[in-house]
Amino acid sequence: MAINIKSSREIELMRESCKILGKVFMEMEQFVRPGISTKDIDDLGEKLIRSYGCVPNFLNYEGYPASVCVSVNDEVVHGIPRKDRILQEGDIVSLDAGLIYKGYHSDMARTFGVGEISEDAKLLIERTKASFFEGIKYAKDGCHLYDISGAIDNYISKFGYGIVKELVGHGIGLSLHEEPQIPNFKQWRRGPKLRSGMTLAIEPMINMGGADVCWLDDDWTVVSEDESLSAHYENTVLITDGEPEILTLIDM
């Protein structure tokens, strides 16, 4: 498994790519409310990405027809935006998007509540986010890749949620998807050793019910098999000599 180590110049370009993406997400979050369509969110996301002189890296990727994956309620990932899919009070919506800045990719995802949501839905979103931060305690030079996976699993499993196994995180850089694959569940082995300069997209995908998923007829949208709510939290992370740097988290 060859994992790319980024040079200092490449890291600076990735920092800027991720910083721009973080700004895009801040604006998309403010836009989420009852009554808008999932296509409205995609239109805004693409407009914002291009306004920074960047290119949406999801658009036409392996045929995906939009710039932002907009997944509602039991949709885990890759929901295709539609004009007739209107967000309702109490829904939860996961946005997953990325962009290319001077050849370098960024990738992140968040799940937001639409208006007032149930306490169970709030907890699912909060715990999915918390599992990411449990995982990156091990995103350090000298640790092993699957230490991250095990930490996410250890945190989530106590709540009885289902950890999606068919979909995983990934390396990122000059390509949207690079080595390695990053499962969100325990592995038998510890995996490759992490080194400073690696850039990883770590992304727990958690179902309120069972772990099983299925694909809809559009061949993109992944849903929980038992129709339970699903949440998604992702950041692009840089491995350093010390604490990991979360490139897509920005301070405004």
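1. Let me start with Cys-54: at 4% relative accessibility this residue counts as buried (buried is under 20% relative accessible area, exposed over 50%, partly exposed in between, with a 1.4 Å probe and protein chains only). Keep in mind that this is a predicted model, where local features need pLDDT of at least 70, side-chain atom pairs count only at pLDDT 80 or more, and totals for chains, interfaces and linings use all residues. Residues are numbered from 1 along each chain as its sequence is written, and side-chain values use heavy atoms, with hydrogens and water left out.

2. On disulfides (pairs of cysteine sulfur atoms within 2.5 Å), the count comes to zero. Cys-54 is in none, and its nearest cysteine sulfur, that of Cys-18, sits 11 Å away. Cys-214 is partly exposed at 28%; its sulfur is 17 Å from the closest cysteine sulfur, in Cys-69, so that is too far for a bond.

3. Have a look at Thr-111, in strand S5 (residues 104-113); strands here are DSSP E runs of at least two residues, numbered from the N terminus. Thr-111 is buried at 8%. Leaving aside neighbours within four places in sequence, its contacts (heavy atoms within 4.5 Å) include Ile-92, Ile-125 and Ser-230.

4. Which residue's backbone nitrogen lies 2.8 Å from a polar atom of the Thr-111 side chain? That would be His-232.

5. Lys-193 is in the loop between strand S8 (178-182) and strand S9 (199-202), and is partly exposed at 38%. Tyr-146 is 47 residues away in sequence, yet the C-alpha to C-alpha distance is 9.1 Å.

Key. Helices (H or I, at least four residues) and strands (E, at least two) are DSSP runs, numbered from the N terminus. A polar contact is a pair of N or O atoms within 3.5 Å; within protein, one must be able to donate a hydrogen and the other to accept it, and residues adjacent in sequence count only if both atoms are side-chain atoms.
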